[in-house]
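Please read the points below with the structure open beside you, and take each one in turn.

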Amino acid sequence: MWPGRRRLRQVSTQSTAPPLSLTERRKLATQLEIAHAAAELFTEHGPDGTTAEAIAGRAGVALRTFYRYFRNKQDAVGPLLAVGGERWRALLAASEPGAGLPKALEAAIAEALAAPDLAAADGLRQARGLLRAAADDPALRAVWYRVNQESEEKLRPVVADLAGKDAPALEVRLAAAAATDAIRIALETWAESDADVTGPDSPADLAVRCLRELMGGMGLLTRMSTPPEVRS
């Protein structure tokens with residue numbers, strides 16, 4: 001959903017999945033290095049001025065290695081965009097018990113899109129560069145939309161766990177869609193502006209505002225934000 005930090009070891013996520021093997025970690029690290037190189041070149045030269053050969057050269061890998069992992073140059077940024085989604089889902093999954101789904105969603109989004117250090121700020125600025133490059137490149141936009149769709153699907157079980165076993169499946173799906181779209185729309189809106197990475201109209205500020213607007217009429221989120229004594 002937006003670029004993560006420069007090094008794989010700096011990405012903080014929590015998962016119940018089995019740990020990756022050394023080979024899998026190396027493969028993922030190579031994919032992310034290629035993705036960072038692609039993002040840098042797209043930002044510097046635009047998609048039309050960037051070739052797969054140039055991306056491979058910037059990443060320090062052979063061209064055949066590039067094509068082992070990616071179908072085309074635009075596809076190469078997918079792993080980088082996905083890192084942000086992984087981090088924010090992990091933050092949401094680690095929400096304080098009893099916080100309530102609306103507050104948990106807001107808190108996770110605000111933290112995920114915050115820029116407390118230089119690395120996080122650079123990641124957001126890289127997202128801005130990619131989204132501006134995607135404005136005139138349908139293939140790059142398709143990667144952005146695909147990553148967001150995949151993130152939404154992965155978010156559903158996290159939302160379902162926080163909402164409880166009795167939460168209607170449709171409402172869980174709507175909540176996951178609203179949260180995903182809040183981030184997507186916020187980043188796209190921010191990328192079109194010259195707003196800073198923090199403060200008014202920053203990604204975090206816009207995303208929380210988008211989420212509140214989108215979840216205003218949703219039954220699951222409305223009920224969960226109302227105190228139990230009022231609901232009864």
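**Salt bridges in a predicted model**

1. Please keep in mind that the model is predicted, not determined by experiment.

2. Arg125 forms a salt bridge with Asp122, and the closest N and O atoms of the two are 3.7 Å apart. Both residues belong to helix α6, which spans residues 118-134, and they are three residues apart, about one turn of the helix. Asp122 is itself partly exposed, with a relative accessible area of 41%.

3. Arg125 also forms a salt bridge with Asp196, where the closest N and O atoms are 4.0 Å apart. Because Asp196 lies in the loop between α8 (169-191) and α9 (203-215) while Arg125 lies in helix α6, this pair ties together parts that are 71 residues apart in sequence. Asp196, at 43% relative accessibility, counts as partly exposed.

4. Glu44 and Arg58 form another salt bridge, with their closest N and O atoms 3.0 Å apart. Glu44 lies in helix α1 (residues 22-45) and Arg58 in helix α2 (residues 52-59), so the pair ties together parts that are 14 residues apart in sequence. Glu44 is partly exposed at a relative accessible area of 47%, and Arg58 is partly exposed too, at 39% relative accessibility.

5. How many salt bridges does a search of the whole structure find? The search finds 14, and a network of salt bridges links Arg71, Asp75, Arg146 and Glu150. As a general point, side chains of opposite charge can pair when their charged atoms come close.

Terms used. Residues numbered from 1 in each chain as written. Predicted model: local features only at pLDDT ≥ 70, side-chain atom pairs only at ≥ 80, totals over all residues. Heavy atoms only, no water. Salt bridge = Lys/Arg side-chain N within 4 Å of Asp/Glu carboxyl O. Helix = DSSP H or I, 4+ residues; strand = E, 2+ residues; numbered from the N terminus. Buried < 20%, exposed > 50% of the residue type's maximum accessible area, 1.4 Å probe, protein only.
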